[in-house]
Amino acid sequence: MQSISHPWRFAILLPLTLVLALAGCGRGDGDKSAAADPADRPMEADLARTLKEQPEFYHTASIDQLPADLKWEDTSDLPEFADPAAKPGGTFRYYISDFPRTTRTIGPDATGGIRQYLLDYVGVAYVHPHPNLPGKAFPGLAREWAVGADGHTYYFRLDPDARWSDGKPVTTDDVVFSFYFMRSPHLREPWYNDFYTKTYERLTIYDSHTFAITLPQPKPDGVIRAGNLVPYARHAFQEFGPDWIERYQWRTVPTTGAYELLDRNIDRGRSVTLTKVENWWARDKRFWRGRYNPDRYRLEVIRDPDKAFEAFTRGDIDLYPSNLSKYWYEMLPDTHPLVAGGLIVKAKFFNQIPRPDWGIWINSARPPLNDVELRLGLQYATNFDLVCEQYFRGDAVRLETRSDGYGWNMNPKVSARHFNPATAREHFARAGFKQQGPDGILINDAGQRLSFTLTTYLATLRDMLPILQQEALKAGLELKLEILDSTTGWKKVQEKQHELSLIALSRSVEACPRYWEMYHGSNAWIDAYLDENGKPVDTFAAGKPNPNPTQVRVQTNNMTMTFVPELDRVIEAYDQARSMKEIKDLAAQAEWLIYQDAAWVNGWALPFHRTAFWRYVKWPKGYNVMQSRSAEEFFLHWIDEDERKATEEARRSGQTFPSQVLVFDQFK
């Protein structure tokens, strides 16, 4: 599962990864992040030029101009969710499915690998959404915040204790740089450029610790939209410029979070180890104490998930995610000696989150997949109901829309199309595939077989694919299965080279779904819309639909290549909506248009996460938070070193403990 981008914690994917030929420098035994030669510091000059050229966005004001009637809040009355008594120390051992291709957290190849451990799970934003209280925020880098009289300007005061991992203070210089960084064409990330340009209307700096962010219009979750951003350290990016991707490919930079990656802790091709920042500035802060407890976080490369499971049961790693039924029921049943003997604990936790959109993403730009009748046939020829029943042993449910889990019914008229070979054949016939060949596969008048490649980059799904393949044959459809490594597979779908892909994007927990990233035509084609001079523009509002676009836009999350002008119009109106009523009405329209376009086949959802861990891995009372997407996401766990020693001795002596198969359903 891949993640989309980190603003508002929209991030996390299952591990993506790569082969590394470590070249370049980083901050290992000394800080090499800032260039000494002014000629190697192009960023400051470009930043100054940008601030001068974009006065409509970048504002400065004196602290005396700060509105006097602001009502500052710090939500200190909200309950904490970690255990302040958690034991710090020790090494937590886990695995990744491949070695990362870069240590950057943004730019090409940065979305996967270990980004969650460098940014998504650990980066401290200005404010964070409370994971047990939807709509509430708690302090991060910002000590307090306020809403302006206009309803869409949000004021923040940085915590004077906030520090980068190299000891330098976090100031509004970093806030300014981060917006410049995200909006710069040098970033080579059109998604971020667009997001930071459209989502934020103005940045106002009052002093070194006080700033305001203005959104284009009021939003129900405005504080989180404005404040749930993790900044980048200005002093670490002095060499940012057109060639920054290569310069920073393996450079480690300062972080606001609890862990840092040093050069000496990278074992090429084998492992990376993150270490706790010494005297981390937030270690005793409310909402942060009792989290990020291990001193070291070792991530070993184990490419085969079954081999990783074997490493877990040998005691080489401390935790194993067990959402898939084969691990929970077959490879580690409750009767397994390590479980029955109380050495390994199994935990099932019911959460409340926007569900990852597992399903088949159809590349609708590739003939004959550009025919909606053929895509409708694929909908009815795909038996995810059997996958839920057989592969997941009844634990999974079908996704009804691509936006399940946001707390309301997106559109009562929209639901999953269920497996029906006869109906599938009717649609295939309308697309020209009327005759059945000697092998049972439908063909058209030109002799073309109804055959497509179904790609995934998750080895854990390899036992699911034959179910889909065999069921599709009943509808006269051949699915050729392709299981790629995570790096190659993700690159293929991001570059729109796939036909069908079985994937999901993880969702951040936020009030409303997003559509622009996955479904706006400008994320499929550079020339989706043209102005009056025939030049490409990015919106329905700014131009006219191009009936014959030719320039594919790669490295976006529109992996269905959807281009429906009416949908784009709705998406643009949705992004401008101010009230929840407007948002819900427009979301219903968007879901209906996506349903009609039929370029995404509804997959499955699991209303929980399941994990197995050794008994010395400890958790707070209640185990986890309502909006956790995985057991480790909020870093609530810790290692009890005394229990580890006792567990190792028990394995040698044959001692057993009471079995623990735990179910946490307080949020079910």
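1. Before anything else, a word on angles: axes here are lines fitted to C-alpha atoms, for helices over the stretch in contact, and angles run from 0 to 180 degrees between N-to-C directions. With that in hand, look at helix 3, which lies across strand 2, strand 7 (153-158), strand 8 and strand 9 and runs at about 160 degrees to strand 8. Keep in mind throughout that this is a predicted model.

2. Now for the sheet under that helix. Its 5 strands come in the order 2-8-9-7-6, and they make an open sheet with mixed pairing. Strand 2 (58-60) and strand 6 (142-147) are the edges, each pairing on one side only. On average, neighbouring strands here are turned by 20 degrees against each other, direction ignored. Strands pair through backbone hydrogen bonds, and the pairing can be parallel or antiparallel.

3. Strand 8 (residues 202-205) and strand 9 (residues 210-214) run antiparallel, and 4 bridges join them. Which residue of strand 9 does L203 stand opposite? The answer is I213. Both names come back in the next point.

4. On to the nonpolar core. The largest one has 189 residues, and the members that touch the most others are F179, F181, L203, I213, F428, L502 and W604. Which helix gives the most to this core? Helix 3 (residues 172-183) does, with 7 residues.

5. How many bridges join strand 16 to strand 27? There are 3, and the two strands run antiparallel. W361 stands opposite W600 in strand 27, while the bridge partner of G359 in strand 27 is N602. Strand 16 also pairs with strand 22 (residues 500-503), again in the antiparallel sense, over 4 bridges. There, I360 stands opposite L502 in strand 22. As a general point, side chains in a regular strand alternate between the two faces of the sheet.

6. Beyond the neighbours within four places in sequence, L502 is in contact with G359, I360, F384, L454, T455, T456, L461, M464, L465, L468 and W604.

7. A cis peptide bond joins P367 and P368, with omega about 0 degrees. P368 is found in the loop between strand 16 (359-362) and helix 10 (372-381).

8. Two residues with positive phi are worth a click. D109, which is not a glycine, has phi near 70 degrees, and it is found in the loop between strand 3 (91-96) and helix 2 (115-120). F287, also not a glycine, has phi of about 75 degrees and is found in the loop between strand 12 (271-276) and strand 13 (296-301). Are they buried or exposed? D109 is partly exposed because its relative accessible area is 30%, whereas F287 counts as buried because its relative accessibility is 2%; the cut-off for buried is under 20%.

9. Leaving out neighbours within four places in sequence, K348 is in contact with W328, F608, H609, R610, L662, V663 and F664. K348 and P305 are 43 residues apart in sequence, and their C-alpha atoms are 20 Å apart in space.

10. Last, the rings. The structure holds 68 aromatic pairs. Some rings also have a charge over them: the charged end of R157 sits over the ring of W72, 4.0 Å from its centre, and the charged end of R183 sits over the ring of F57, 3.8 Å from its centre.

Notes. Residues are numbered from 1 along each chain as its sequence is written. This is a predicted model: local features need pLDDT of at least 70, side-chain atom pairs count only at pLDDT 80 or more; totals for chains, interfaces and linings use all residues. Side-chain values use heavy atoms; hydrogens and water are left out. A nonpolar core is a set of buried Ala, Val, Leu, Ile, Met, Phe, Trp, Tyr and Cys residues joined through side-chain atoms within 4.5 Å. Buried means under 20% relative accessible area, exposed over 50%, partly exposed in between (1.4 Å probe, protein chains only). Contact means heavy atoms within 4.5 Å. Rings of Phe, Tyr and Trp (its six-membered ring) pair if their centres lie within 6.5 Å; planes under 30 degrees apart count as stacked, over 60 as edge-to-face and the rest as tilted. A charge sits over a ring if NZ of Lys or CZ of Arg is within 6 Å of the ring centre and within 35 degrees of the ring normal. Two strands pair if DSSP finds at least two bridges between them.
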